[in-house]
Amino acid sequence: MAFYSCSYTYIDGRVCEKKCYRKEGCHIHWKRRTRIPCGECGTPTASSYGMCTKHAGKYYSKANYDKNKLQDKKRDQASRVIQKYV
Ligand SMILES: [Zn+2]
Ligand SMILES: [Zn+2]
């Protein structure tokens with residue numbers, strides 16, 4: 001049985017190096033290999049935004065804000081159209 005060495009890298013730069021059966025990493029870390037560093041601060045995250053929870057929140061609320069603004073604009077246009085026909 002060939003052993004691999006976990007290549008999981010901690011935030012401070014240390015490598016786990018635990019012997020493991022999976023080339024993805026040891027039993028603690030192999031699931032975390034899918035994590036990508038936050039585009040803002042580099043914290044490994046499993047978030048689909050590519051941002052850690054702290055920074056994804058910022059982007060998420062911004063997307064929400066833009067959506068709300070767009071809806072407001074539509075509502076504005078709709079009420080203007082109505083006013084034209086009154
Ligand atoms: Zn590990
Ligand atoms: Zn972040």
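A residue is termed buried if 20 or more other C-beta atoms lie within 10 Å of its own, exposed if 12 or fewer do, and partly exposed in between, with C-beta atoms placed from the backbone. By this criterion Tyr10 is exposed, because 10 C-beta neighbours fall inside 10 Å. The structure is a predicted model, in which local features need pLDDT of at least 70 and side-chain atom pairs count only at pLDDT 80 or more, while totals for chains, interfaces and linings use all residues. Residues are numbered from 1 along each chain as its sequence is written, and chains are lettered from A and ligands numbered from 1 in the order in which they are written.

Confidence is expressed as pLDDT, the predictor's confidence in each residue on a scale from 0 to 100. The chain has a mean pLDDT of 79, and 80% of its residues reach 70 or more.

Four strands and one helix are present in the chain; helices (H or I, at least four residues) and strands (E, at least two) are DSSP runs, numbered from the N terminus. Their order along the sequence is β-β-β-β-α. Of the 86 residues in the chain, 7% are buried. Two residues are taken to be in contact if their C-beta atoms, placed from the backbone, lie within 7 Å. Among contacts between residues at least 6 apart in sequence, 3% join residues at least 24 apart.

The loop between S1 and S2 contains Tyr10. The C-alpha atoms of Tyr10 and Thr43 are 9.7 Å apart, with 33 residues separating the two in sequence. Glu17 is also placed in the loop between S1 and S2. Its phi is near 60 degrees, a positive value in a residue other than glycine. Glu17 counts as exposed because it has 11 C-beta neighbours inside 10 Å.

The loop between strand S2 (19–20) and strand S3 (36–37) holds Lys23, and Arg22 is found in the loop between S2 and S3 as well. Arg22 is partly exposed, since 14 C-beta neighbours lie inside 10 Å. When neighbours within four places in sequence are left aside, Arg22 is in contact with Tyr4 and Trp30. Arg22 and Tyr4 are 18 residues apart in sequence, and their C-alpha atoms are 6.5 Å apart. Lys23 is likewise partly exposed, because 13 other C-beta atoms lie within 10 Å. From Lys23 to Phe3 the C-alpha distance is 8.1 Å, across a sequence separation of 20 residues.

Helix H1 spans residues 53–85 and includes Lys54. Lys54 has 12 C-beta neighbours inside 10 Å and therefore counts as exposed. The C-alpha atoms of Lys54 and Cys41 are separated by 9.5 Å, the two residues being 13 apart along the chain.
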